[in-house]
Amino acid sequence: MALTLYNTETRKKEQFVPFNRENVTMYVCGPTVYSYAHIGNARAAVVFDLLFRVLQLNYKKITYVRNFTDIDDKINKAASEQNVPISEITRHFANIYQKDMLSLGNLAPTLEPKVTEHIPQIIKIISELIEKGHAYEAEGHVLFNVPSYPEYGSLSHRDRDDQIAGARVETAPFKKDAADFVLWKPSDDSLPGWASPWGRGRPGWHIECTAMSREHLGENFDIHGGGQDLIFPHHENELAQGKCSGNHGKYAKYWVHNGFVKVNGSKMSKSLGNVFLVHDLLEKYPGEVLRYCLLSSHYRQPLDWTDDLTSQGQEVLDKFYRTYLELQQEFDLARHSSLDEAQPTQEIVDALNDDLNMSKVFAVLHRLIAEIRKQEDPEIKKSLGVSFIASARIIGLMNFDPEQWFQKEKATSIKIDELYIENLIQERKTARSEKNFKRADEIRDELKSNHIVLEDKPDGTTEWKIFEQ
RNA sequence: GGUGUCGUAGCCAAGUGGUAAGGCAGAGCUCUGCAAAAGCUCCAUCGCCGGUUCAAAUCCGGCCGACACCUCCA
């Protein structure tokens, strides 16, 4: 089955046909780096990482660009509050972002360009826009003139006339049209700025993505991604700039947008104090659990972040790793190269190609587990097992050695005295061999009251793990 | 006011015309000294009302409800 994607611009699921099969291009709006990434930022990163992986299943070479926005008024504000240069803030949080995204099992994009490294390209595009009559200078600002581009609104499907009625628009007096937006704004001495034909200043919000996508992917590229909130005005404006400057074309061929993360049914916002930071969540859950949760509903649907969701994620991942562990113990998979060469099953690939149908993917993974469990022929079992692991890995899960996975769980939260636990396990073993089940149960209970649960394995050993609450 | 998205079991979530995938939780049984794991079994008629059709969760209309964007935001 060929890859199909839902295109925001046409509002349809379309078959994906790249401009160039030899180099598929994708640009995704990355973070503005002035604080920690929250779980909503993470969703976008995970969704497009998944798409990156799916593209790799279909094509040899993918160029995936995800930018860092490192010049922005929020950054300026943070920098002046802390009395440090903006680069100190942006470098710090860009680093954290990269680490957090890695923890979630995301592959690194091909390129991660920064806005401040593309000022000349930005100035060039703005100059082109002015030359072609799509932009004008006013009081040190340069603005894009929306009426000069009749197709404006084609991406977000908004009719300008209908918008104005109830919208809370504060119009700057120097705008020719209320919808005009800033391409370049002046900086006084207290603000970061760059020399330009219009004086010292800094870029507006949307122009950077036009410049960076053009620099690294060309004037036309295949996929443009981001969160749903970016459709308007960010992507609409970006598209206008892209099509009105340089040569003409489609700009981006497929616009793909992921849905929002909600928290207990309502929007995540600072004022409600319900913003979950990836950084904090990683203290409590393995990155793969968070990844599972983020992938558990279709990427275009809203995702409600709840305790139920994370505990379900933990259960499912444990089940996956339990299967992996059994396979590992039976076949010593790590010793063989079979794992590295293994491919996901065709059914999984088809589900992914169908606009990233993750529910189908998980259904197949669970079915594979059941088949593995029941399979008695070792050769068939091994082959199923290898397919299962390869299939889970293609979506960015099962990157840990299974023993490491369960070991890691032990290490989280709650302070543990391993020696104390091991001693009690020994004592219980002795008690059990003497049929002193009363004492054996006492030990189980005692550990249980300390959040430790014991599991007797078929081979006679006893393992322990921590349970919450 | 404009523009969209959505409403499927306790929870998560597919399915978009032919009589409801999967998972989590739960219940029962098997196995196990106990517990866990594993296996088997059970657990919905798809927000409401009306229409189209031989046939609708799936198409159309109306209503109710939730959410988002139109302002910085993934």
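Tutor: Start with one residue, Asn7, which is found in strand S1, residues 4-7. Keep in mind that this is a predicted model.

Student: Is Asn7 buried or exposed?

Tutor: Asn7 has a relative accessibility of 2%. The cut-off for buried is under 20%, so Asn7 counts as buried.

Student: Which residues does Asn7 touch, leaving out those up to four places away in sequence?

Tutor: Lys12, Glu14, Lys253, Tyr254 and Trp255. With Glu14 there is also a polar contact, side chain to side chain, at 3.4 Å.

Student: OK, zoom out. How many helices and strands are there in chain A?

Tutor: Chain A has 17 helices and 15 strands. Its C-alpha trace spans about 90 × 50 × 40 Å along the principal axes. Of its 469 residues, 49% count as buried.

Student: And how is chain A divided into domains?

Tutor: Domain 1 covers 4-258, domain 2 covers 266-407 and domain 3 covers 413-466.

Student: How far apart are the C-alpha centres of domain 2 and domain 3?

Tutor: Those two centres lie 29 Å apart.

Student: What about contacts in chain A between residues at least 6 apart in sequence?

Tutor: Of those contacts, 74% join residues at least 24 apart.

Student: Let's pick a helix. Which residues of H2 are buried?

Tutor: H2 runs over residues 73-82, and its buried residues are Ile75, Asn76, Ala78 and Ala79. Looking down the axis of H2, they fall within an arc of 165 degrees, so they line one face of the helix.

Student: What covers the buried residues of H2?

Tutor: The cover includes helix H3 (86-103) and strand S8 (201-203).

Student: And which exposed residues are on the face turned away from the buried side of H2?

Tutor: That face carries Lys77, Ser80 and Glu81.

Student: New topic: the RNA. Which residues come nearest to RNA strand B?

Tutor: There are 50 residues around RNA strand B, and those that come nearest are Lys74, Trp205, Gly227, Lys267 and Asp456.

Student: Which residues have N or O atoms close to a base, then?

Tutor: Val261 is one of them: a backbone N or O atom lies 2.9 Å from a base nitrogen of RNA strand B. Arg444 is another, with a side-chain N or O atom 2.9 Å from a base oxygen of RNA strand B.

Student: And for a phosphate oxygen?

Tutor: There, Lys319 has a side-chain N or O atom 3.3 Å from a phosphate oxygen of RNA strand B. Elements that give two or more residues to the surface near the strand include helix H10 (307-331), helix H17 (437-449) and strand S14 (452-456).

Student: Which element gives the largest share of the surface near RNA strand B?

Tutor: H10 does, with 6 residues.

Student: Last one. How does the surface near RNA strand B split by class?

Tutor: The surface near RNA strand B has 19 charged, 19 polar and 12 nonpolar residues.

Technical notes:
Residues are numbered from 1 along each chain as its sequence is written. Chains are lettered from A and ligands numbered from 1 in the order in which they are written. This is a predicted model: local features need pLDDT of at least 70, side-chain atom pairs count only at pLDDT 80 or more; totals for chains, interfaces and linings use all residues. Side-chain values use heavy atoms; hydrogens and water are left out. Buried means under 20% relative accessible area, exposed over 50%, partly exposed in between (1.4 Å probe, protein chains only). Helices (H or I, at least four residues) and strands (E, at least two) are DSSP runs, numbered from the N terminus. The arc is that of the directions from the helix axis to the C-beta atoms. Contact means heavy atoms within 4.5 Å. A residue is near a molecule or strand if one of its heavy atoms lies within 4 Å of it. A polar contact is a pair of N or O atoms within 3.5 Å; within protein, one must be able to donate a hydrogen and the other to accept it, and residues adjacent in sequence count only if both atoms are side-chain atoms. Ala, Val, Leu, Ile, Met, Phe, Trp, Tyr, Cys and Pro count as nonpolar, Asp, Glu, Lys and Arg as charged, and the others, Gly among them, as polar. Domain bounds come from an automatic or database domain assignment.
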